[in-house]
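Please have the chain open while reading.

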Amino acid sequence: MNKLSVAVLVLGKRVVQSRSYFRSLHEIPKNLLSSAETTRVSSSKSEKDIAHLIRTNRLSEARVVFDKGEQRNALTWNSMINGYVKRREMAKARELFDKMPNRDVVSWNLMISGYVSFRGSRFLEEGRRLFDVMPERDCVSWTTMISGYAKNGRMEDALRLFNSMPQRNVVSWNAIVSGFIQNGDVASAIDCFERMPERDFASLSALVSGLVRNGVLDEASRVLVKFGKKYNGREDLVHAYNILIAGYGQRGRIEEARRLFDQIPVSNEGKQENVWFKRDIVSWNSMIMCYVKVGNIVSARKLFDQMMERDTFSWNTIISGYIHVSDMREASNLFGQMPNPDTFSWNAMITGYAQMGNLEVALDFFERMPRKNLVSWNSMIAGCEENKDYRRAIELFSGMQVEGEKPDRHTLSSVLSVSSGIVDLYLGMQIHQLITKTVIPDLPIDNALITMYSRCGAIIEAQIIFDEMKQSKNVISWNAMIGGYASHGFSAEALELFKLMKSLKVLPTHITFVSVLSACAHAGLVEEGHQHFKSMVNEYDIEPRIEHYASLVDIVGRHGQVEEAVDIIRSMPFEPDNAVWGALLGACRMHNKVELARVAAEALMKLEPESSAPYVLYNMYADAGRWDEASEVRMLMKSNKIKKPAGYSWIDSSHVYPLNVALKLAWTHPTVVTEPHPPRKTKCIAVQVASKLGQSLTTESVLEVLNLAFLDESEQVRIEAILSLPVIVLWSGLGVLTHVQEAKNFRCRDEKIQYGSMGLRLKQMNQRDISTSNANSVIEY
């Protein structure tokens, strides 16, 4: 073996030894490798758990996992900080940030974005302090701070920061352009946009959207035409066109919207090179919506039929269009053709049929609906309330709660309107209690409460709600309170409140003046009524409606100025209705103007052939001794089969059971009730109680006491019963108005007390045990 061979052999051995040595250096013991792998897997699982909990809005649970984690990295710290920032819990986010051992640029950017997202200089300045002390900044840091200044209206600071940026990109330029748009500086926004060294689709789309929001649609169109062609080949440019089409539609500029829509090619296939994008389904839907908003359903349907592809929004838009023009037949046909109606589709059909007054079909859609939501229940309840089907509205409200659906403000507002419609103070108070427990009352809720309490006669409660309203009162609030005062005879309070309303610069509406004129009529304020009528026209430029003329006729007629009332009717710019003629007839009856009464009664009979106006005329002829004319009216009434409906009032007698028991106990066990008095005296007291509390008792109880009194052996008791008989009738006829809040236009099913010129007649109907039900009583006369 020569020297060269020996040298090669030695070198080879050394190389092998060296390789073994280096291999041994890089080999990790198995136990150490297992420990590192376990730590990495555990850390990865912790990161995933924290991210999942934050994503599912379980931030407190995520914090528990974070605190238990032994191996935290920048990702887990930033995830927790981001969770607190999104929840706007900046104190907890700052606590974590201050404890974070190794912050990166993401950590700083998260905190800055959290502070600048709040409005107010304190948070903004804190964000700026963090920005100034950042070890290093990236483009996100600068852009976040610029956006914060813009959001708080400090565009000078935003522009100064923008100009000091070491390096700008398209996102930074978009931020400053959007800032000018947000603050209404359209000229500066366009100037910055034109100076941008590079633009993307988001730049153009954001500018067009901002210009539309600021109402400068023509400028938006100019920018789109000028810069749109520079994005040749960008199909997403159609988004900017869709925004401008929708903007034109919202302002009723349908021709411009259609012109822009027609500029978007239908397809790229087989077209020339200058075709850079095509219509998408949003383009079609936006244009159809434009036509629907202005009620042009024919053009909307023509576009709908031309669509090659439709989505749920397309179907819902055209169906809503037909509902808007009250064509429920075609809306129903389209609904039947719709592939997969969603909840919005069902709710639209329910609302449409309810608005048309077809509650049965609306209820059929409601019951067939596969999945109801809160809007479905609200639509059905509101439909029943608007169509005065109050019983069904209450049943639906009860069923809604049984199904586990919680009512919202719209539900409660509708049910309050139901309470007003049936004048059920007890129901209204229950809903009021529910409101205080479930929602924070807003302006519509407070207005509905005022209306409900006013309609039910609880004027003090209505006034308390009105005085304690936390939100600024609107004209509806004032109208409800003034109308409540006026309808219940508090004329002075109504007029005083109207004076306060004007002093606070709240503009009245035509509804306000109806209540004000009604208050003047009840108070006999003729001159003041004339002044308010003139101020309505001259000062507030409100065109008088027929109800204002009816109130004015009532004002002057009640005061005896019947001829002036006739002159007002003749000067009206439209034909008088039954309210106007009714006001004149009432004035003639009050002041015995027989000839004018005949004119008013004949006019009323033409408008309402079934009107009972001839009764008034008949009584006036009879009072004047003009029996020939009275006989003619009587014959006319018979030939037309006119019958005067009996007046009636509604009495809630659900609370009378204790009084009934007390009366019977006083009669059967007199010594138990009033031990010091002899039985004869106690029986007389029982009769007196029956007479004085007759309005609160059922007819059955009153008759039982009277029957026992008439058969009593004591002459004093029999005399007391005879003397109390007319008092009971008087209480029954008049006392109800003190017990029931509004006793008009209601019938019920329990019992009636009828009396007329033939004497007193007592009639029992559908008797049932008063102790097991909330009975209602109607006094009919």
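## Annotated repeats

An unreviewed UniProt entry places the feature "repeat: PPR" at residues 73–107, 138–172, 237–271, 280–314, 342–376 and 474–508. UniProt positions follow the numbering used here, feature names are shortened, and annotations may be inferred rather than shown by experiment. The model is predicted: local features need pLDDT of at least 70, side-chain atom pairs count only at pLDDT 80 or more, and totals for chains, interfaces and linings use all residues. Residues are numbered from 1 along each chain as its sequence is written, and side-chain values use heavy atoms, with hydrogens and water left out.

Residues 280–314 are 74% helix and 0% strand, with the end C-alpha atoms 12 Å apart. For residues 474–508 the chain is 74% helix and 0% strand, and the end C-alpha atoms are 10 Å apart. Helices (H or I, at least four residues) and strands (E, at least two) are DSSP runs, numbered from the N terminus.

## Helices α3 and α4

Helix α3 (residues 59–68) packs on helix α4 (residues 74–86) at an angle of about 155 degrees, the axes being 11 Å apart. Axes are lines fitted to C-alpha atoms, for helices over the stretch in contact, and angles run from 0 to 180 degrees between N-to-C directions.

On the α3 side the contact (heavy atoms within 4.5 Å) is made by L59, A62, R63 and F66, and on the α4 side by T76, W77, M80, G83 and Y84.

## Residue R154

R154 sits in the loop between α8 (139–151) and α9 (155–163). Leaving out residues up to four places away in sequence, R154 touches S121, L124, E125 and Y149. R154 and G179 are 25 residues apart in sequence and 9.2 Å apart in space, C-alpha to C-alpha.
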